[in-house]
Amino acid sequence: MNRFKTSKFKNTSPRIPKRDGWIGDIRAGSLTSIGNHIKSSCSLVAFNTEQAGTLGLASLQPGQDGKWAVSQLPCHADLVTDFDFSPFDDALLATCSADETVKVWRVREPGQDAPSAADVTLCPGQGRVEAVLFHPCADGVLAIGTARTATVWDTSRQEPLAVLEQHGDQLHSLTWKLDGSLLATSCKDKKLRVFDPRAQLTPVQSAVGLQSNKDSHVIWIGDSDNILTTGFNQVREREVKVWDARKLGSSLGSVCLDTSSGALIPLFDPDTGLLVLSGQGDSVIHCFEVTSSQPFLAPVSQCLTEAATKGIALVPKLAVDVTSCEVMRVLQLTDSFIVPVSYHVPRKSGQDFHGDLYPDTRGQSAAVSAQEWWGGENRQVPKVSLHPAKRPIKSSASSAPSNQPAKKVLPIVKSKEEDPLGRSSSSSSLTSPSSSGSLAPSPSTGSGPSSGFASSPSQRSLQNILGPSSKFRHAQGSVLHRNTHITNLKGLNLTTPGECDGLCVNRERMAVPLAIAGGQIAVFELSQPGRLPDTAFPTIQNTVAVADFSWDPFNACRLAVAGEDAKIRVWLVPKGGLKETIMEPQCVLQGHTEKIYSVKFHPLASGILASSSYDLSVRIWDLDARKEVKRLKGHQDQIFSLAWSPDGRLLATVCKDGKVRIYDPRKSTEPSQEGPGPEGARGARVVWVCGGKYLLVSGFDSQSERQLYLYSVGSLCSGPVATASTDVSPSTLIPFYDEDTSTAILTGKGDTRVYVYEILPESPYFLECSSFNSSDPHKGFAFLPKTECDVRDVEFARALRLSKTSIEPVAFRVPRVKKEFFQDDVFPETAVWWESALSASSWLSGSDGQHRKISLRPKDMTPVSEAPKEAPVRKYLPSSVYLEEKTDEQKKEELLSAMVAKLGNREDPLPQESYQGVDDEEWDD
């Protein structure tokens, strides 16, 4: 793309309609194939269901009652691995399965009887069939990918045209070039191959292009010579690469996204050059613009979705709503819905047809037959206009549903008559009133917030219309200036247990475990950022590997470290930081018989510490007396996490045995309440929220998808009152909860994305806010006290991000206009939690306390709630000004007066008249 030429699609924005614009009444199953899991024609949508061997079918447009008809198509005896609609017939669907067959169906409109048998059944005989794809130009040609072989079939004759050379391992995906001349594949052996099936059975190009043998996808970038792949690099980051198919030795450009485990599904629109990416388990849909020169992949937008993705599909261009400047529509398959995501270019809609956004697109008339293509003919599919005036008008006869039985042979031969869209006029058992030729509105049109608000005659509040919204929904996370970083960090321990945060911080310093013999811990002062020396620096010699550690909230110099030898060592760091290596702890706590998971200090009582261990017990220690004072029982498996309640009375745990427990340690060693925890056994975290009335648990579901669970403390046994899905990733989300703003900030070790939610004590409980994305995976994330935030810049949270070689401060801010005022709605009085409210002995004897609170308002700032009210400024002149008629003479007189005023007085001397000239004798001859 010319760097001096701005793309017309750079501001393309995604829009998600309200729930009544989603296709419901579906149940997507656990998907174990590499396909897209959802495909769309101009009138129908097919998707995988929870029943093996059965596909779901839905109409693309709603019926007259505003609802979508959904039906099922039992098509195979085993899992349906992939499927594809014919580009020339909306009702022609090819499916493949683990039962080693490929079938071609003439499907019917949902609500009608499903076809009793397939029109064509093919048996490639090479094992499980993984992929199926119609030819983009030739009618009745299918590319089929089996376990290790790609074949090309003529469905009209039910015979293979070419059996290509066998791959070295499992075939992942295949793609046709837009002109149908070449076929590209990706494989588990990391190789990319390009075939010319009509010329030779061996690849014309082959090279190792992928860095990982995990799932991958390949697509051709229109009719260019470039292909695009999605896969994983050597550090398990999801990667997108652009290649020249004529020279596969090295990629032209690449982009790394994140470390999620779901393979990215690519969708490409050749008319706009827009690329859409999302993986199974993702809650974000990425959009890029693909260019023919550097940088090849230019980011356009990110769309946050409400539910995790099971699959995505691109709606054909003939079905988009050009009247609303919709240039692309993506269908997101979730557990219970199909969500249409419309991409719009910001233009005035509903008036003129924007021809620059809608070049002529490929029609639905095949260019050649299967035999003509195999004989060597190359013809392009005729293009059609998307202009509404040039769309065909459907007659009433054509919109009546056909009751004829399905044909036993496919209508491969084209009719001599074609409609203006270039579609074949061959008969079909499926005809729909809302076909692609009609100008039915997009599901998102008229159903968004703006249209609903404008049409409402009442003066209801925006919250009543859109539902509750968070004041932090536009929160922005940003890394602070480099002079605040600690760099040149070497020897970092990257193998800390999942129960450990990776680093811990307080108001003055931070501690980081090192991968050096003896369990060494580095301690850095927050007041001394900069580059660390290349030479060794003082550390804490813990003597054994670190399992977890925690700073004493009431003593910024005291650090409790849990070791793998079942001992807790308490260290004292000198004021001002480490000047020399410390080898002797203040005290050693012994009592656990197995490795310790985690340690947590009491939030109110000084010297009270809780620890959990592989011996399935939770023990409470009095550091002043240096002894164990309580031992809690009842766990049946590994204890993932524990957390004190804000008032310090209760202790919550989440366990691998699938239970969440609440203890009252001073009353009983057995749990006072139990409830069902996360289904997954990979790890979990727990934290108290909403003033101690709820528990927030982050864990995994049965499909290893990361989930958030919200439990009411008063009814723990009833299970979670709300859940929220995030994505698929192997690391547990580590939650940080800010009591002042009721926001939960979550991320995992190895992630690049930080989630932000506002937690409500009532429905909908979770309000997702803007997330923060880092350039590289972080190894730890810990938050500083609220007093470290810059309230003048409306910074409501500050964290330290640990990367492989540096520690970076990250500020989370709320964008506000009147920053000169103190935002007291964001910054209520905060607890002075660094001062203890009672002693250990007082708490053990049954006393309770609470922290005093202070205001964060600087003395020279006025609260925004007390700011003077500004008089509203009228943006438009009164209607009387526009209604007043002026005569032509009045207009002429006003125009002349304005011209004279600009010219000024002509009798004034000109500036050059005051200049002094040069005598003649002063000129050189």
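A residue is termed buried when its relative accessible area is under 20%, exposed when that area is over 50%, and partly exposed in between. The structure described here is a predicted model. In this model W833 has a relative accessible area of 31% and is therefore classed as partly exposed. W834, with a relative accessibility of 16%, is classed as buried.

The structure contains 16 aromatic pairs. W833 and W834 form an aromatic pair with edge-to-face geometry, the centres being 5.9 Å apart and the planes 80 degrees from each other. Five phenylalanines, F736, F772, F781, F783 and F812, belong to one aromatic cluster.

The ring of F232 has the charged end of K214 over it, at 4.1 Å from the ring centre. For R682, the charged end sits over the ring of F700, and the distance to the ring centre is 5.0 Å.

Strand β7 covers residues 89–97, and nine of its nine residues are buried. Strand β6, residues 80–86, pairs with β7 in the antiparallel sense over six bridges, and the two strands form a hairpin with two residues between them. Strand β8, residues 102–106, also pairs with β7 in the antiparallel sense, over five bridges. The hairpin of β7 and β8 has four residues between its strands, and E100 in this turn has a positive phi of about 70 degrees. T95 of β7 takes part in both pairings: T95 stands opposite F83 and also opposite K103 in β8.

Definitions and conventions. Residues numbered from 1 in each chain as written. Predicted model: local features only at pLDDT ≥ 70, side-chain atom pairs only at ≥ 80, totals over all residues. Heavy atoms only, no water. Phe/Tyr/Trp six-rings, centres within 6.5 Å; stacked < 30°, edge-to-face > 60°. Buried < 20%, exposed > 50% of the residue type's maximum accessible area, 1.4 Å probe, protein only. Lys NZ or Arg CZ within 6 Å of the ring centre and 35° of its normal. Pairing = 2+ DSSP bridges.
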